[in-house]
Every structure is written in C-alpha cells, then in structure tokens.
Amino acid sequence: MKATMPTRLLPGLLALAVAVAVAVAQPPDKAAHLAIVVNKQSSLSDISSAELARYFKAERSKTPNGVKLVVVMQEPGRPERAAALRDILKMTEAEYGKHILHATFTGAVAGTPKALASSRAVIEFVGVTAGGLGYVRGDEADDSVKVLKVDGKFPGEAGYAFSVK
C-alpha cells in the first residue's frame with residue numbers, strides 16, 4: 001500500500017510537536033538572571049525597573065508604605081554586581097562610584113548601599129534585615145527571602161530585563 005502525502009508527513013509533524021512540547025516544558029534558566037530579593041516581610045512584590053534604580057542609586061530610601069530600605073550590593077568584581085550596574089543602574093563601576101561620592105558629599109543621601117562579598121551573604125543579610133533589598137543570581141535565591149517581579153516578570157520569564165553574562 002502506497003503512503004499518501006499526509007501520511008508521509010505525519011512522522012515529521014509528530015517530531016516537531018514533541019520538540020515544541022519539550023522546549024515549552026523546560027524550566028526557565030534562572031542562573032542567567034539577576035533576582036531582586038527583599039526581606040520576606042516586605043510589602044513589595046512587583047517593582048518597576050525605574051523605581052528599583054532609584055533605590056540602588058540611594059535616591060529613594062523608603063517603600064511606598066514608608067518602610068526604610070537597607071540596600072545591599074555585591075562587591076566590585078562580582079558578575080552579579082556588573083549585571084546590576086549595567087542593567088539596573090545603567091552605569092559603569094566608575095560612574096557609580098562618582099555618583100555615590102557626589103551624593104554623599106552633597107548630602108543628597110543619608111547612607112549608601114552596603115557591599116557584601118557573595119550571594120550567600122546578601123541572602124543572609126536580606127533574610128534577617130527588615131527592609132533588606134539586594135540581588136543574587138536567580139537560582140541562588142531561597143525561601144528565606146522574597147523574589148520580586150520587576151516590570152511584571154520574574155527572573156527566567158521571557159522579557160525579564162536583568163541578566164548575568
């Protein structure tokens with residue numbers, strides 16, 4: 001019996017359907033994204049990238065409901081810090097240093113973000129600090145902190161803005 005055109009296409013279409021289903025079922029690559037983390041008690045859940053930049057630039061120090069934030073960054077040289085500077089602050093390390101120095105000198109900020117040595121240190125600090133706010137690789141965030149949506153997206157979702165390269 002001779003196979004008809006639609007019957008001959010069936011194996012190829014089946015293979016394509018399986019490939020699409022596998023691709024869709026793959027979990028997001030959280031390790032490639034920077035997760036913004038806050039203390040679990042924080043009322044924040046979704047923040048705009050513009051508002052986040054204001055917090056990290058020390059231009060704003062309180063949440064909309066008045067809670068004072070304690071912002072932490074990772075030390076210079078860490079890939080997560082480079083990603084935060086590039087994607088959140090839109091600055092180089094040198095520009096950020098000048099910004100913070102100027103803001104401190106002029107009294108525009110009361111305090112500057114604290115620098116911690118590792119993602120583990122950021123998680124531990126944010127987890128026990130009311131108002132704690134920091135960043136880690138998406139796959140390093142654990143249940144001791146809350147991961148924020150940024151511009152409506154979680155790390156690993158399509159269109160998420162902050163990646164660690």
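Mentor: Start with the terms: helices and strands are runs assigned by DSSP, numbered from the N terminus. Keep in mind that this is a predicted model.

Trainee: How many helices and strands does the protein have?

Mentor: The protein has five helices and seven strands. Read from the N terminus, the order is α-β-β-α-β-α-α-β-α-β-β-β.

Trainee: What share of the residues is buried?

Mentor: A residue is called buried when its relative accessible area is under 20%, and exposed when that value is over 50%. Of the 165 residues here, 36% count as buried. As for contacts with a separation of 6 or more, 70% of them join residues 24 or more positions apart.

Trainee: Which residues of helix 4 are buried?

Mentor: First, the general idea: an α-helix has 3.6 residues a turn, so residues three or four places apart point the same way. In helix 4 the buried residues are Tyr96, His99, Ile100 and Ala103. Viewed down the helix axis, these buried residues fall within an arc of 90°, so they line one face of helix 4. Exposed on the other side are Ala94, Lys98, Leu101, His102 and Phe105.

Trainee: What covers the buried residues of helix 4?

Mentor: The cover includes helix 2 (49-56), strand 3 (70-74) and helix 3 (79-89).

Trainee: Is helix 3 largely enclosed or largely open?

Mentor: Helix 3 is largely enclosed by the rest of the structure, because eight of its eleven residues are buried. They are Glu80, Arg81, Ala83, Ala84, Leu85, Asp87, Ile88 and Leu89.

Trainee: Arg81 is in that list. What does Arg81 touch?

Mentor: Arg81, in helix 3, has a relative accessible area of 7% and is therefore buried. Leaving out residues up to four places away in sequence, Arg81 touches Met73, Gln74, Glu75, Pro76, Glu93, Tyr96, Ala115 and Tyr135. Tyr96 is also one of the buried residues of helix 4.

Trainee: What should I look for in the backbone angles?

Mentor: Most residues other than glycine have a negative phi. Lys90 is not a glycine, yet its phi is positive, about 60°. Lys90 follows helix 3 and sits in the loop between helix 3 and helix 4. With 63% relative accessibility, Lys90 counts as exposed.

Trainee: Where does Asp151 sit, and what is its phi?

Mentor: Asp151 is in the segment after strand 7 (149-150), and its phi is positive, near 55°. Its relative accessible area is 43%, so Asp151 is partly exposed. A glycine can be read in the same way: Gly107 follows helix 4 and has a positive phi near 80°.

Trainee: One last feature. How much space lies in the largest pocket?

Mentor: A pocket is an open space, whereas from a cavity the probe cannot get out. The largest pocket holds about 250 Å³. It is lined by 15 residues, and the closest to its centre are Ser61, Lys68, Leu69, Gly111 and Thr112. The lining divides into nine nonpolar, three polar and three charged residues.

How values were computed
Residues numbered from 1 in each chain as written. Predicted model: local features only at pLDDT ≥ 70, side-chain atom pairs only at ≥ 80, totals over all residues. Heavy atoms only, no water. 1 Å grid on protein atoms, 1.4 Å probe; cavity = no way out; pocket = protein on both sides within 12 Å on 5 of 7 lines; lining within 4 Å. Points joined across faces, edges and corners; volume = space filled by probe spheres on them. Nonpolar A, V, L, I, M, F, W, Y, C, P; charged D, E, K, R; others polar. Buried < 20%, exposed > 50% of the residue type's maximum accessible area, 1.4 Å probe, protein only. Helix = DSSP H or I, 4+ residues; strand = E, 2+ residues; numbered from the N terminus. Arc of directions from axis to C-beta. Contact = heavy atoms within 4.5 Å.
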